[in-house]
Amino acid sequence: MIKKETIDRIFDTARIEEVVGDFVSLKKRGANLLGVCPFHNEKTPSFTVTPVKGIYKCFGCGKGGDAVKFIMEHEKYSYPEALRYLAKKYNIEIEETAEKTANSAEDDYKESLFIVSQFAQQHFSTTLLETEIGQSIGLSYFKERGFREDIIRKFQLGYSTDEWSNLTDAATKQGYKTAFLEATGLAIKNEQGRIYDRFRGRVMFPIHSLSGRVIAFGGRILKTDPKSPKYVNSPETEIYHKSNVLYGLFFAKKAIREHDTCYLVEGYTDVVSLHQAGIENVVASSGTSLTVEQIRLIARFTQNVTILYDGDAAGIKASLRGIDMILEEGLNVKIVLFPEGNDPDSYVKEVGAAAFKEYIEKTQKDFILFKSNLLLAEVANDPIKKAGLIRDIVETIAKIPDSIKASVFVKECSVLLEIEERVLLAEFNKLKLAQAKKGSQQAKVQDFELPPEPVEITPIALRTDDYQEQEIIRLLFNYGSKIISTEEGLEQSFAAFLLHELEDTAFENKLFAKIIQVYQSQLALGNTPTDNFFIQHAEQDLSHIAISLLSHTYQLSENWKNTHGIHVKQEEEILKEAGVNAINHLKVRKLNGMIRQNQDKLQVAKTPEDIERLQRIQLSLTAIKKELSKALGAVILR
């Protein structure tokens, strides 16, 4: 169990914008940062990071928390695993006690898979660089490909010998269980119960998670063997889902953000070669057809994708569907085709980094125009084939969510395909209408067969008359520890001031009442709870509501003051007034309830004495409400 002092140091050191920024491209918006949410599919960013409060909040799916919570949610880590990840990131030495939690075995299983994978990577790298067989076979291959030793070490490349159980023997000798070797796909058990290495006689390419941990491997065979595939990849495991991983993204994400574009290539060696040439914003799809999940990974860091192909036209045609998927996700796609016989790896080595970048800039084409040119060459003067091509191109354009962008492509394609723009638009509108109907029908079927779970935007379900109580809690969370001056010239925390004003007012919402009790007990001990006190609170309901009420969707633009010279008072400048108004609104709400209840009693009152008594109460309540409403500047309609 990690010591509390170490946990406190991790929380104090971890910066939310740095932690989230490792997984999501964030752009400044006022005092906050905005990005595409990594927890649900969205095209319009609604994921907000507030550095000053150390929290994130998605206003689309409702998820929110601090740096530790983000790592737990994103990496599917337990609380201790998330703390260890952050400690490693910030070079904080972990101090632990011997105490174990009840869920230690369950928490440790996945960590064991990571540890075994890390051991395998180190074993393969050591074999490559420090053994005679590794140097003579594996290292020789990489050097023939032109890879420098620094790039080999950066990507943690390795070599697996041709022996049946070289890795398995080394791992078991170090105390690793064969069950974990099997679970990660590093070893296979045959029908006779014998365990042998999956990767034998291959140079090894470790595959990393977005956080940089080794989760799988790709192995390329070196000898010619028609019975063995050229590449072997790790199978799906507890820690590796190939459709959710892009090879090289851990090393590329910073450069992708900086250049605001991602180069997508086909193979491991393409990624490594381009990195060696200084072109680092490049990834590969890990030996699989491109998936929606992989496209959404790219979308976290940029909206621009440039696909680098070799000269194989047949291979390009097979990839057209995958590129259509990129368009559907709202990304901008360009294509670069290399001269025949070249791929990104060979071409960058032939011409160098500068000429390679220049070639991309000069030859890259928008995908739709590239596709039109590619397929036009096949139809020649065949009107039937050309009609099919036009329909195919319009179907691709119809996948673009941005209607303005789509209309531009319709216009350009009408010139290229030599067909009237109105004809293309008519076909385009027909397809969009069909898409809309299909989407509507699918939604109806889904609603009937499997109702979607409600999205939790706020941590609690509020009754309409709970708003005033929530507003007071929001003020407490945001400004409770701020020091204000009283009318007597004394200084006290805003929380102390507000709770004093609330002395005779009870909260009906149980969660809000609990928060008031926490403030009261902490103030009685001489402590004023900060926002972090609740963000990191052990009770999840308190933590959730704090994050929700500390996050703001909108901010006042600085242009009001900087450009227009208009100073708009911020809430913290008028705290006492805001606090008193919030309490008065709550009292008015309570008075309205009391007035309604008294009216109900009047309607059923039978004796003159009861009627007179209830009328006096009604007059008294109405008079108090008038005074409060006057203080609030409200107009009473009834």
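This tour moves through a predicted model, from its nonpolar cores to a strand residue and then to a pair of helices.

Residues are numbered from 1 along each chain as its sequence is written. In this predicted model, local features need pLDDT of at least 70 and side-chain atom pairs count only at pLDDT 80 or more, while totals for chains, interfaces and linings use all residues; side-chain values use heavy atoms, without hydrogens or water.

Select Phe 47 and Tyr 247: within the largest nonpolar core, of 136 residues, they touch the most other members. Such a core is a set of buried Ala, Val, Leu, Ile, Met, Phe, Trp, Tyr and Cys residues joined through side-chain atoms within 4.5 Å, where buried means under 20% relative accessible area (1.4 Å probe, protein chains only). Next, display helix α5 (residues 104-130), which supplies the largest share of this core, 8 residues. Helices are DSSP runs of H or I, at least four residues, and strands of E, at least two, numbered from the N terminus.

Move to strand β9 (residues 202-208), which contains Ile 207. Ile 207 is buried, at 0% relative accessible area.

Finally, show α20 (residues 467-479) with α24 (residues 540-550). Their axes (lines fitted to C-alpha atoms over the stretch in contact) come within 9 Å and cross at roughly 85 degrees.

How values were computed
Axes fitted to C-alpha atoms, helices over the stretch in contact; angles between N-to-C directions. Buried < 20%, exposed > 50% of the residue type's maximum accessible area, 1.4 Å probe, protein only.
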